[in-house]
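Dear colleague,

Please find below the sequence and structure that I am handing over to you.

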Amino acid sequence: MNGVTWLGHSTVVIEIDGTRLVTDPALSRRIWHLRRSEAVSAATLGELDGILVSHTHFDHLDLASLAKLDHSLPVVVPRGAGGLLQRRGFGRVVEVAPGGEVDLGGLRVRATHAEHASRRRPFSPRSSALGYVVNGSVDVYFAGDTDLFAGMAELAPLELALLPIWGWGVRLPAGHLDPLRAAEALRLLRPRVAVPIHWGTFRAPFAPRAGAAPARDFVRAAARVAPDVAVHTLGIGESLDLDH
């Protein structure tokens, strides 16, 4: 089976040609000041072959969630972020920069630029943010957190684009795609299929829920800007079969 399962926020299980990867595992009910309705069991991820981490923000590199996973798995992280995982017992940490490639199972994973400032804490050093293109019998692009960037069109064409369309607050800071800009990314990336991610999962205390509005806005914008792309909005825990 070739397919993906969305587990909320930027956590996606990607299965291609028998290799199973997870992106930015954020399984906890609470991450820093953020809350979600319920935690995700690590068992939901199945038997993994690798972990992809896009950047060091707490809602993407959650040490409590990673602690629940097999520490013998290879973990791909941006250059400079490896020590966070190595100090917690992960022995196969691979640091990459944009353009770097790693073989995981039978798949080739290529790191891409992401237009997003990444800093673990307010006064900690900045580190790069990445997206990843997973190449097998189908090509899947996981954007991590990003805005539009020069060179995005060079990733085309793709089978599937996993695109962030919102966040967890009432406003989006710089370095994020909103529904309209995510639709514009579809025009550049030219995937056959798109799945919106990074929406409707976490919220800050006392903040209003955005609900499904970002996903609805993205579907409408995509229909105008990139009508040839099939957009599939998944609920948390739902899967998309890429073989059909």
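Two strands are said to pair if DSSP finds at least two bridges between them. In that sense strand β13 (residues 130-135) and strand β14 (residues 139-142) pair antiparallel, over four bridges, and Tyr132 stands opposite Phe142 in β14. Please note that this is a predicted model.

β13 and β14 form a hairpin, with three residues between them. β14 also pairs with strand β15 (residues 158-164), here in the parallel sense and over three bridges. In this second pairing, Val140 stands opposite Leu160 of β15.

The largest nonpolar core has 53 residues, of which Tyr132, Tyr141, Leu162, Leu163 and Leu189 touch the most other members. Leaving aside neighbours within four places in sequence, Leu162 is in contact with Val4, Val12, Ile14, Val140, Tyr141, Phe142, Ala143, Val195 and Ile197. Another core, of 21 residues, lies apart from the largest one; Leu7, Leu27, Val40 and Leu69 are among its members.

Val22 has Ile51 as its bridge partner in β6.

The last element is helix α4 (residues 213-225). Its 13 residues reach 18 Å from the first C-alpha to the last, close to the 18 Å expected at 1.5 Å a residue. Which residues of α4 are buried? They are Pro214, Ala215, Phe218, Ala221 and Ala222. Seen down the axis of α4, these buried residues fall within an arc of 130°, so they line one face of the helix. An α-helix has 3.6 residues a turn, so residues three or four places apart point the same way. On the other side of α4, Ala223 and Arg224 are exposed. The cover over the buried residues of α4 includes α3 (179-189), β16 (191-197) and β17 (230-231).

With kind regards

Key. Residues are numbered from 1 along each chain as its sequence is written. This is a predicted model: local features need pLDDT of at least 70, side-chain atom pairs count only at pLDDT 80 or more; totals for chains, interfaces and linings use all residues. Side-chain values use heavy atoms; hydrogens and water are left out. Helices (H or I, at least four residues) and strands (E, at least two) are DSSP runs, numbered from the N terminus. The expected span of a helix is 1.5 Å times one less than its number of residues. Buried means under 20% relative accessible area, exposed over 50%, partly exposed in between (1.4 Å probe, protein chains only). The arc is that of the directions from the helix axis to the C-beta atoms. Contact means heavy atoms within 4.5 Å. A nonpolar core is a set of buried Ala, Val, Leu, Ile, Met, Phe, Trp, Tyr and Cys residues joined through side-chain atoms within 4.5 Å.
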